[in-house]
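Thanks for coming. Please have the sequence and the model open while I talk.

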Amino acid sequence: MSKFLTIGEPIALFGSDEIDKSLEDAQKFTKYLAGAEVNVAVGVSRLGHSTQYVTRLGDDPFGSFIEKSLVKNNIGTDYIEKTDEFWTAYQLKNRVSKGDPDIHYFRKGSAAAHFNKEILKTINWTDIELVHLSGIFPAISPESLSAFNMLIEMINRNQITSTFDPNLRPQLWNSETEMRETINNLAKHADIILPGINEGKILVGSENPKTIADFYLNQSEKTSIVIVKLGEEGAYIKQKGETIGTTMGGQHVERIIDTVGAGDGFAVGVITGLLEGIDIYSSVQRGNTIGALAVQSKGDNEGYPDKAKLDAAEKEY
């Protein structure tokens, strides 16, 4: 049975093969499997952990591509529903030599945005040890937010550990105020929260990692650990009851190819460390390593390692 589960909207990603060309000018693209939560599922599965992914797909070529890609990555599809009423989301991403690429979504009104909550009632919780949640899925529609809240209730009822990555996508929300209030409210229900330093400025009003961590540790009795992602500087960890947290330095990367998916790769490190009983500091260090590997490959999750590659990278770094 699966030990890890996540819910989200998987996307067919068309990534430009041409460096520093705008999306309107680029002519050559490669198709990838993408989506924040599916990235995490790919990484967790690649490191040998049984994994299930919950979503709804359109009965169309993109939906079939995604389903085949999940199976290829040994990700369970027991809780995936397909529909011919709505279509599967896709996106375009350009390739840049510096900074973050431009991304354009085609996801409004998608199959996942019309998620059927009845799927959640079929989940077998017997062996699930950890559920990863992201702020993207509840942003895509009122139906997805309702399903997200229902899943949170089920996680708590079954006493399952949960991680939550805010993963802010302002373009999916009606306003920044709605985004901030909803995300922070959802975060109250997570055991471990993984905000980015830049997200902290929007959600908490500060780029100080201690201030960000204290906000989430103080707003909920349930939250026990906050890990603030600092980009190339690594990550800041603070546990409930601590006065001062700990900063784990990041790894130096000579050449960055694509920054998208680095944060999800970091989550993979933390989650797999927890599943394997590794202490939180070593788990975060693993997250830093996987994030460093991720930015050196095209595609959102192409750079995530298997166990052998991770072992080699940990020795190198």
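What volume does the second largest pocket have? It comes to about 450 Å³. Keep in mind throughout that this is a predicted model.

Let me stay with that pocket. Its lining has 19 residues, and those closest to the centre are K108, A139, I140, S141 and L172. Two elements give two or more residues to the lining, namely β7 (103-106) and α3 (142-157). Of the elements, β7 gives the most, with four residues. By class, the lining of the second largest pocket splits into eleven nonpolar, five polar and three charged residues.

Rolling a probe the size of a water molecule over the atoms shows where empty space is left. How many cavities of 30 Å³ or more are there? The count is two. I will describe the second largest cavity, which holds about 50 Å³ of space. The residues around this cavity are L133, I152, I155, N156, S162, F164, L186, H189 and A190. Helix α3 comes up again here: α3 and β9 (161-165) each supply at least two residues of the cavity lining. The largest share is from α3, with three residues. As for class, the cavity lining has six nonpolar residues, three polar ones and no charged ones.

Find α8, residues 280-294, and α9, residues 307-316. Their axes are 10 Å apart, and the helices pack at an angle of about 105°. Angles of 65 to 115 degrees count as roughly perpendicular, and α8 and α9 are therefore roughly perpendicular to each other. Which residues make the contact? From α8 they are R286, T289, I290 and L293, and from α9 they are K309, L310, A313 and E314. Sorted by class, the residues of this contact are four nonpolar, one polar and three charged.

Last, the aromatic rings. A pair of aromatic rings is described by the distance of the centres and the angle of the planes. Searching the whole structure gives six aromatic pairs. One of them is F62 with Y90: the ring centres are 5.2 Å apart and the planes are at 55°, so this pair is tilted. Where do the two residues lie? F62 is in helix α2 (residues 61-72), while Y90 is in strand β6 (residues 90-95). The pair therefore ties together parts that are 28 residues apart in sequence.

That is the end of my part.

Notes: Residues numbered from 1 in each chain as written. Predicted model: local features only at pLDDT ≥ 70, side-chain atom pairs only at ≥ 80, totals over all residues. Heavy atoms only, no water. Axes fitted to C-alpha atoms, helices over the stretch in contact; angles between N-to-C directions. Parallel < 35°, antiparallel > 145°, perpendicular 65-115°, else oblique. Contact = heavy atoms within 4.5 Å. Nonpolar A, V, L, I, M, F, W, Y, C, P; charged D, E, K, R; others polar. 1 Å grid on protein atoms, 1.4 Å probe; cavity = no way out; pocket = protein on both sides within 12 Å on 5 of 7 lines; lining within 4 Å. Points joined across faces, edges and corners; volume = space filled by probe spheres on them. Phe/Tyr/Trp six-rings, centres within 6.5 Å; stacked < 30°, edge-to-face > 60°.
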